[in-house]
Amino acid sequence: MGRVYNFSAGPAVLPEEVLKEAADEMLDYNGSGMSVMEMSHRSKVYDDIIKTAEKDLRQLLGIPDNYKVMFLQGGASTQFAMIPMNLMKNKVADYIITGQWAKKAYKEACIYGKANAIASSEDKTFSYIPDCSDLPVSEDADYVYICENNTIYGTKYKKLPNTKGKILVSDVSSCFLSEPMNISDYGVVYGGVQKNIGPAGVVITIMREDLITDDVLPGTPTMLKYKTHADNDSLYNTPPAYGIYICGKVFKWLKSMGGLQVMKERNEEKARVLYDFLDSSKMFTGTVVKEDRSLMNVPFVTGDKELDAKFVAEASAEGLENLKGHRTVGGMRASIYNAMPKAGVEKLVEFMSDFEKKNLK
């Protein structure tokens, strides 16, 4: 049936240009006579791939020199343990719970020390971001942890929390490279790439160098020490080589599009098309308070489970795929990452409008 508009939350849509380029190079990368999939990670050719990827990422985000970039495995979920193992020197950390992933990270941290939930939006099904201007940050906290964009619930921090001098750790999996960031506001930024950057299997961690030490919790495995990976330029063991290669292509694509400020404007424009429709619709409603809406993940409902199911099925038949919402929210969710063209969002809104006319009682 050709390419569909894929609204999946992750693994998610990738730029068509990148996929075509990778397809062209599948059997012979750059005259090497082999695929990147078959290539030794110790080879000169691959070394150029990973180093160029890092250089382009540093340029895109303006990453300061005193931050290390690591291409790791184990997804964001392994970071939930790595963060406390490496950073919980006082065995205390503060967590802001704005969704399922922040909650899972918090529960993981509880294994390693005293994790405090200092704010939460669970009382209203995570449909808003709590006020973080004056939180009860623990005096002896090693860090304050947030999940910056909540994939399932469609919320996004528009202003970073006041951490009262403590380092900020942020999971940016589903908003990574969707807009500019000031990396020096954070001690650690990390994200699984399978939502907005590349294929599943890579997590990128950007960490301030002074936080990378041998002083980790007793029993921390070698592979779960950031220092292991930082000291070896992400090549301590075999990295997710092909995934990193695709990420590198996406970084080049982002640069060719004009960088992250341009992406932010594009993403705002796309999201506006969908949110404006939701705000005027008599059938569909968004589930997030307006000021905390994500540009990347847009959950919405009709209020009728059967109608929701009918909508998802009929949308799929029209080439609008993966619109079923997460089971904890129900309804629908459109993930409109960088690689989703505006035309895809316009087609979705057109379909929603037709569906409303046919089904509004």
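This is a predicted model: local features need pLDDT of at least 70, side-chain atom pairs count only at pLDDT 80 or more; totals for chains, interfaces and linings use all residues.

**Pocket lining and helix packing**

The lining of the largest pocket consists of 10 nonpolar, three polar and 12 charged residues.

Q: How are α6 and α7 oriented to each other?
A: The axes of helix α6 (residues 241-257) and α7 come within 7 Å and cross at roughly 80 degrees. Angles of 65 to 115 degrees count as roughly perpendicular. Therefore α6 and α7 are roughly perpendicular to each other.

Q: Which residues of α7 does α6 meet?
A: The contact of α6 with α7 has six nonpolar residues, one charged residue and no polar ones. On the α6 side are Trp253, Leu254 and Met257. They meet, in α7, Leu260, Val262, Met263 and Arg266.

Q: What is the orientation of α3 and α4 to each other?
A: The axes of helix α3 (residues 75-87) and helix α4 (residues 100-110) come within 9 Å, with a crossing angle of roughly 40 degrees. Angles under 35 degrees count as roughly parallel, and 65 to 115 as roughly perpendicular. The two helices, α3 and α4, are therefore oblique.

Q: What is the handedness of the crossing of α3 and α4?
A: In this contact, Ser77, Phe80, Ala81 and Pro84 of α3 meet Trp101, Lys104, Ala105, Glu108 and Ala109 of α4. These residues divide into six nonpolar, one polar and two charged. The crossing of α3 and α4 is right-handed.

Terms used: Residues are numbered from 1 along each chain as its sequence is written. Side-chain values use heavy atoms; hydrogens and water are left out. Ala, Val, Leu, Ile, Met, Phe, Trp, Tyr, Cys and Pro count as nonpolar, Asp, Glu, Lys and Arg as charged, and the others, Gly among them, as polar. Axes are lines fitted to C-alpha atoms, for helices over the stretch in contact, and angles run from 0 to 180 degrees between N-to-C directions. Helices (H or I, at least four residues) and strands (E, at least two) are DSSP runs, numbered from the N terminus. Angles under 35 degrees count as roughly parallel, over 145 as roughly antiparallel, 65 to 115 as roughly perpendicular and the rest as oblique. A crossing is left-handed if the near helix is turned anticlockwise from the far one by less than a right angle, and right-handed if clockwise. Contact means heavy atoms within 4.5 Å.
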